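Here is a short briefing to read alongside the model. Have the viewer open and follow the topics in turn.

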Amino acid sequence: MNRTEILMTGRMLPSVVEALEERFALHRLWEAPDRDAMLREVAPRVRGLATSTMGGRIDGAFLELFPNLEIIASFGVGYDNVDVKAAAERGIVVTNTPDVLNDEVADLTIGLLIATLRRIPQADRYLRAGEWLKAPFPLSPSLRTRKVGIVGLGRIGKAIARRLEGFGVAIAYHGRTRQENVAYPYYPTLLELAEAMDVLIAITPGGAETRHMIGAAVLKALGPNGVLINVARGSVVDEAALIEALRRGTILAAGLDVFENEPHVPQALIDLDNVVLLPHIASGSVHTRRAMGQLVVDNLTSWFAGKGPLTPVPETPCAR
């Protein structure tokens with residue numbers, strides 16, 4: 001009996017590869033000596049894709065190569081690497097890996113916020129360089145009395161807010177609409193939120209609708225005591241405007257886990273001392289990445305067993 005053929009567009013955890021190979025005929029696109037030749041050969045037979053942001057853009061032109069494609073299982077809660085509209089037009093289901101990473105990302109966000117305010121990486125470098133022998137490390141800003149605005153109060157945004165409550169800070173949010181049964185103050189525009197807060201945490205989805213939504217005007221509104229934390233997508237922030245704001249003191253500091261052109265980070269950001277930079281690791285624990293990978297496997301397995309997708313994205317032509 002012929003096994004269902006799946007194409008994996010980019011490298012994933014060995015556990016994911018092994019689990020898919022047990023269940024399907026798996027093609028590894030990233031290992032192909034000639035990518036185009038592999039696609040010409042296998043694409044007409046492929047019924048499922050396993051992909052991630054590292055696997056490249058899945059757009060309409062790419063989908064045209066797969067006349068029998070039924071499902072795209074994307075690794076990650078964000079799926080802006082997939083043209084979901086083009087997929088939906090072709091009747092292709094798209095899934096992601098929500099919920100299993102909420103706590104991990106929320107934990108990292110709080111850590112990044114404290115590291116940025118209390119200048120933990122800078123203090124570490126100071127000690128290692130022997131500077132403590134000469135003088136105490138300078139006093140840092142604090143989380144005390146701050147007002148924190150969350151840009152995108154989805155599942156992860158709510159998990160971040162719950163953790164912030166323990167620090168006794170004021171919390172507010174901005175999103176497309178006011179949410180019922182949410183006690184935090186709502187600001188209908190991002191500019192109004194930035195003017196009222198002195199910390200902004202971006203955890204909104206990426207894509208064309210949110211591209212550069214945090215730009216020069218929002219950063220100016222955040223002010224010289226303001227701190228920006230981005231654990232969303234690099235595209236959400238106008239990187240050039242942020243660099244200029246950090247250089248000029250328009251805002252106080254920033255903590256970034258994501259960048260516009262990953263894994264390439266502008267040297268101008270690297271050279272700044274008032275920014276903490278992380279290599280997109282918000283969900284990057286062994287525990288959570290395994291859970292995310294298993295959800296990719298489970299979505300494909302469930303679909304081809306005739307049970308439907310487990311975690312379809314809202315735009316996909318299939319109800320949860």
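How many of the residues of strand E4 are buried? Five of its five are, so to speak, under cover: E4 is mostly covered, where buried means under 20% relative accessible area, exposed over 50% and partly exposed in between, with a 1.4 Å probe and protein chains only. Please keep in mind that this is a predicted model, in which local features need pLDDT of at least 70 and side-chain atom pairs count only at pLDDT 80 or more, while totals for chains, interfaces and linings use all residues. Residues are numbered from 1 along each chain as its sequence is written, and side-chain values use heavy atoms, with hydrogens and water left out.

**Annotated spans**

- An unreviewed UniProt entry carries the annotation "domain: D-isomer specific 2-hydroxyacid dehydrogenase catalytic" for residues 6-313; UniProt positions follow the numbering used here, feature names are shortened, and annotations may be inferred rather than shown by experiment.
- Residues 6-313 are 36% helix and 15% strand, with the end C-alpha atoms 20 Å apart; helices (H or I, at least four residues) and strands (E, at least two) are DSSP runs, numbered from the N terminus.
- The unreviewed UniProt entry also annotates residues 110-282 as "domain: D-isomer specific 2-hydroxyacid dehydrogenase NAD-binding".
- Residues 110-282 are 33% helix and 14% strand, and their end C-alpha atoms lie 10 Å apart.

**The five-stranded sheet**

- An open sheet with parallel pairing is built from five strands in the order E2-E1-E3-E4-E5; two strands pair if DSSP finds at least two bridges between them.
- Strands E2 (25-28) and E5 (93-95) are at the edges with a single partner strand each, so one side of each has no neighbour in the sheet.
- From one strand to the next, the twist averages 20 degrees.
- Four bridges link E1 (residues 5-8) to E3 (residues 46-52) in the parallel sense, and Leu7 is found opposite Leu49 in E3.

- E3 and E4 run parallel and are joined by five bridges, with Phe75 in E4 as the bridge partner of Ser52.
- Three bridges pair E4 with E5, again in the parallel sense, and Ala73 stands opposite Thr95 in E5.
- Between E4 and E5 the chain passes through helix H4 (residues 84-89) in a right-handed β-α-β crossover; right-handed means that, with the strands pointing away from the viewer, the path from the first strand over the helix to the second runs clockwise.

**Aromatic pairs**

- Four aromatic pairs are counted, taking rings of Phe, Tyr and Trp (its six-membered ring) whose centres lie within 6.5 Å, with planes under 30 degrees apart called stacked, over 60 edge-to-face and the rest tilted.
- One of them is the edge-to-face pair of Phe24 and Phe304, at 5.8 Å centre to centre and 65 degrees between the planes.
- Phe24 sits in the loop between H1 and E2 and Phe304 in helix H12, so this pair links distant parts of the chain, 280 residues apart.
- Phe24 is buried, with a relative accessible area of 5%.

Key:
Axes are lines fitted to C-alpha atoms, for helices over the stretch in contact, and angles run from 0 to 180 degrees between N-to-C directions.
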